[in-house]
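Trainee: Could you walk me through some charged pairs here?
Mentor: Gladly, let's look together.

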Amino acid sequence: MMRRSASKKAGQPNSTNSINFSPSDLFRTASSRASSKEMERIDNLFHSYANTSLGMIDPEGIETLCSDMEVDHTDVRILMLAWKMKAEKQGYFTLEEWRRGMKALRADTVSKLRKALPELEKEVKRPSNFEDFYSYSFCYCLTEEKQKSIDIESICQLLDLVLGSHFRAQVDYFIEYLKIQSDYKVINMDQWMGFFRFCNEISFPDFSNYNPDLAWPLILDNFVEWMQSKQT
C-alpha cells in the first residue's frame with residue numbers, strides 16, 4: 001500500500017504558485033515598452049538630420065528632410081509641422097520640439113511623417129486651430145531678438161502662403177495694395193491679426209459692414225479707401 005506523500009510544512013512557499021498580473025498590468029508594460037521603442041526611433045530620426053555641433057536640426061537638415069519626404073521646403077505644410085512642434089526659431093528644430101511633434105503625429109520614420117501631412121493639414125485648417133496657426137506663423141518669422149515687425153516683402157509672401165487658399169481675393173488685393181503704398185515699411189502683429197479678422201468679418205468686395213470708427217488698424221482703413229477708389 002502506497003504511503004501518502006508528506007504535506008508541505010506550514011509557511012513553505014508553493015513553487016507552483018506564480019505572481020499573477022492583471023491584463024491591464026500586462027497592457028501597461030507592453031505599451032510602455034512600445035512607447036520607449038517609438039521614442040528611440042524618433043530620436044534616431046532626429047539625429048540623422050541634426051547638425052551635431054549645434055545639437056539641433058538646422059535649415060540644411062530641414063531641406064534634406066523635405067527632399068526625403070518629396071515636399072518642397074517652402075510648402076505651407078512645413079510651417080504646419082513647425083507649428084505642431086511648437087518650434088521657436090525659424091529653420092531650426094530642437095530635440096524636444098521634434099519629439100513633441102513626432103509623438104503627436106505618431107511618426108517615427110520619414111514615410112510615416114509624409115503620410116501624416118494630409119491629416120496635419122486638416123487639423124490646422126479647423127477653425128479652432130487656424131487662428132492660432134496664423135498667429136504662430138507671424139511669430140515664427142520674427143528671426144531677430146526683440147523683433148516685433150516684418151518687412152512688407154516677407155509679409156506678402158507669408159500672407160500668400162498662409163491665408164491665400166482661404167481668402168484668395170482679399171489676400172491678392174491686400175498684397176497689391178501693400179506693394180504700391182509707401183506709408184508702411186513693416187507690419188506688426190496687431191495689423192497682421194487685424195487683417196485676419198477683416199477677412200473673416202467684412203463683406204468683400206463691397207465692404208458694406210465695414211465701419212472705420214471701430215477699432216481697425218489704420219492700414220485697413222487705408223486699404224478699404226484704396227479699394228473703393230478702384231471701384232469708382
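**Charged pairs and their surroundings**

Mentor: K125 has a relative accessible area of 36%, and that makes K125 partly exposed. This is a predicted model, where local features need pLDDT of at least 70, side-chain atom pairs count only at pLDDT 80 or more, and totals for chains, interfaces and linings use all residues. Residues are numbered from 1 along each chain as its sequence is written, and side-chain values use heavy atoms, leaving out hydrogens and water.

Trainee: Why is K125 called partly exposed?
Mentor: Buried means under 20% relative accessible area, exposed over 50%, and partly exposed in between (1.4 Å probe, protein chains only). K125, at 36%, falls in between.

Trainee: What makes K125 and E121 a salt bridge?
Mentor: The term asks for a side-chain nitrogen of Lys or Arg within 4 Å of a carboxyl oxygen of Asp or Glu. Here the N to O distance is 3.5 Å, so the pair qualifies.

Trainee: How do you know that R41 and D108 form a salt bridge?
Mentor: Their N to O distance is 2.8 Å, so this pair also meets the rule. R41 lies in helix α1 and D108 in the loop between α4 and α5, so the pair ties together parts 67 residues apart in sequence. Helices here are DSSP runs (H or I, at least four residues), numbered from the N terminus.

Trainee: Why is D108 called buried?
Mentor: Its relative accessible area is 5%, which is under 20%, so D108 counts as buried. R41, at 39%, is partly exposed.

Notes: Helices (H or I, at least four residues) and strands (E, at least two) are DSSP runs, numbered from the N terminus.
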